[in-house]
Amino acid sequence: MTHRQISRRSVLGLMGAGAVLGSGLLTACSSGAARPPLAAPSPTASVPPRRGGKLRAAFAGSSAESTSVLQATGSAIDYVRARLIWDTLGEIEGSAPVWRLAESVEPNADATRWTVRLRDGATFSDGRKLTAQDVLFSLRTLASNPTVQSGLLGGLDAGASAVRDPRVLELQLKGPDGFFDLVLAQSMFVFPDGTTDFAHAPGSGPFVLKSWTAGSSSLLTARTDYWGSADGGPYLDQIELLSVADAGARLNGLKAGQFDYAGGLTLTAARAEAQNQALRILTAPQELWSELALTMNLGTDPFTRPEAVQAVKVAIDRETMVRTVTLGYGEVADDALGRHQSWYDTSLPRRAHDPDQARKLFPGGQLAVRTSDYEYGTLESATAFVQQAQAAGLTATVDKIPAADYYADIKALLSTPLQTNLYHAMPLPLQLSMYYGSKASYPFTGPAGATLDGLITAMHSAVGDAKRTAAVHDVQHYLYDHGGDAVFARIPPVAASTPAVHGIQARGFFDYPCLRDAFLAS
């Protein structure tokens, strides 16, 4: 596919697997290493929703903030705002779709055509009834513009897809895809048929945008005619979203009473505030944790040699990475993405730390690790690897790129021999297709062979839960044995709120949560 200019979060899995925000207690890492607790369990489940009030929530923005639905994934604050204005066909929770505007999504026998039936009664904020024609127009628009969704919709044959009646549309694919239901649950925002002004497109979501200042704030007010109110929120009268670039400033604003919720905090902040009774430290369930990797491009020297790839994998001291880089809050990863999702193959063995074997496999190896401090964990893990490589007889250096420049050069990203990656969670079958194989959107590990391509094709041709799961496992085993990603640790994302905040849900995106059912307890 054609690589468009994209943000770093767009590249590394802005689409995610879903779950509700956790209580703030992180489960133990696989090594059993001790660490301080983050917070007491949240009483959210026992607190009845209360109507009224305004939530003030701070998220990271960017210089390119926009209210356009086509640029909704450009920054955290844009994404959170979009989820309030435009409803989606579905969301992900517990590795499975939870349908919103869609009532059902079903494939034909070979998964080349999918029938979407919409729920009745959804309306846009301008009073228009939402129809199948609106959904088809939205999918065609998302697919044909430089959006994150366009990569996921690459298999849709938009021209051959058609509306059957006001509530039913048939989506024709270019080839079999038994996982297209997961695609349709990945932020497929719906806006009216014929929309030309995408910055002011009416949505069917629970809130409408009343005012917006780029780089500063957004004020949203609740709809009194929201179609989904019978099943939950909106409970709040207003939500104010504050654009605050620095994570430390977001935390300080929360502590000073300027905000009720602050997203995108660091593990160091979580550790420092663990005993602060005025805050609730929040993290995602483990299936939504991010994954740290040293990524080797198999089409570049020295990683055209399998022994060099294996040497790097066994040179990494994963337990130490968890203890130092994730401050003991993470867990060891076993060279495979997606642990704790229902798709993950739990039979994959632990990769042993074996510096002696690394020395034998790649004697005198010289390595340069391209990295940046664009997000916590990447530079830290590169620095830690330099020491671990030395113990394994390898010489490694750190090539630190400024954070603003790291993702500006797609060619460099896809041709660098060795670099750090932080993969944000997304449904595993989609993640495997996005990063591996000759049709991958972002093949960081370089060219794929016929075997891997065949396994990925078979994965997408599988229909039915058992066959789909088995096919995912086949791809995972191949990548474990032959892939270029050394996935060594899983790291939890962190946010914080005042004790009064309840009902915020991740539903696939912890860093860009759904505030639809948020409320303030008295």
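Helices (H or I, at least four residues) and strands (E, at least two) are DSSP runs, numbered from the N terminus. The structure is a predicted model, in which local features need pLDDT of at least 70 and side-chain atom pairs count only at pLDDT 80 or more, while totals for chains, interfaces and linings use all residues. Residues are numbered from 1 along each chain as its sequence is written, and side-chain values use heavy atoms, with hydrogens and water left out.

The protein chain contains 15 helices and 21 strands. Its C-alpha atoms fill a box of roughly 70 × 55 × 40 Å along the principal axes. The radius of gyration, taken over C-alpha atoms, is compared with a globule rule of 2.2 Å times the number of residues to the power 0.38. For 522 residues a compact globule would have a value near 24 Å, and the 23 Å of the protein chain therefore agrees with it.

Strands of a sheet pair through backbone hydrogen bonds, either parallel or antiparallel. Two strands are taken to pair if DSSP finds at least two bridges between them. Seven strands form an open sheet of mixed pairing, in the order β8-β9-β10-β1-β11-β19-β12. At its edges stand β8 (207-213) and β12 (280-283), each with a single partner strand, so one side of each is left without a neighbour in the sheet. The twist averages 20° from one strand to the next; axes are lines fitted to C-alpha atoms, for helices over the stretch in contact, and angles run from 0 to 180 degrees between N-to-C directions. Within this sheet, β1 (residues 54-59) and β10 (residues 238-243) are parallel and share six bridges, and Ala58 stands opposite Leu242 in β10. Helix α6 (residues 247-255) packs on the sheet and touches β1, β11 (261-265) and β19 (494-497), its direction making about 155° with that of β11. Helix α2 (residues 76-85) lies across β1, β8, β9 (217-222) and β10, and runs at about 165° to β10. Contact here means heavy atoms within 4.5 Å.

A further open sheet consists of four strands in the order β4-β5-β7-β6, with antiparallel pairing. Its edge strands, β4 (102-107) and β6 (162-165), each pair on one side only. Five bridges join β4 to the antiparallel strand β5 (residues 113-118), and Glu106 has Thr115 of β5 as its bridge partner. Helix α3 (residues 132-144) lies across β5, β6 and β7 (168-172), at about 25° to β7.

Grid points are joined across faces, edges and corners, and a volume is the space filled by probe spheres set on the points. The second largest pocket has a volume of about 870 Å³. Its lining comprises 30 residues, with Gly154, Gly155, Ser433, Lys439 and His460 nearest the centre. At least two lining residues come from each of α4 (148-152), α5 (180-184), α13 (428-435) and α14 (450-461), and α14 supplies the largest share, five residues.

Five cavities of 30 Å³ or more were counted. The second largest cavity has a volume of about 100 Å³, and among its 13 lining residues Arg83, Thr88, Gly90, Glu91 and Phe189 lie nearest its centre.

Key: On a 1 Å grid over the protein atoms alone, a cavity is a set of points where a 1.4 Å probe fits but cannot get out, and a pocket is an open set with protein on both sides within 12 Å along at least five of seven lines; lining residues have an atom within 4 Å of a point.
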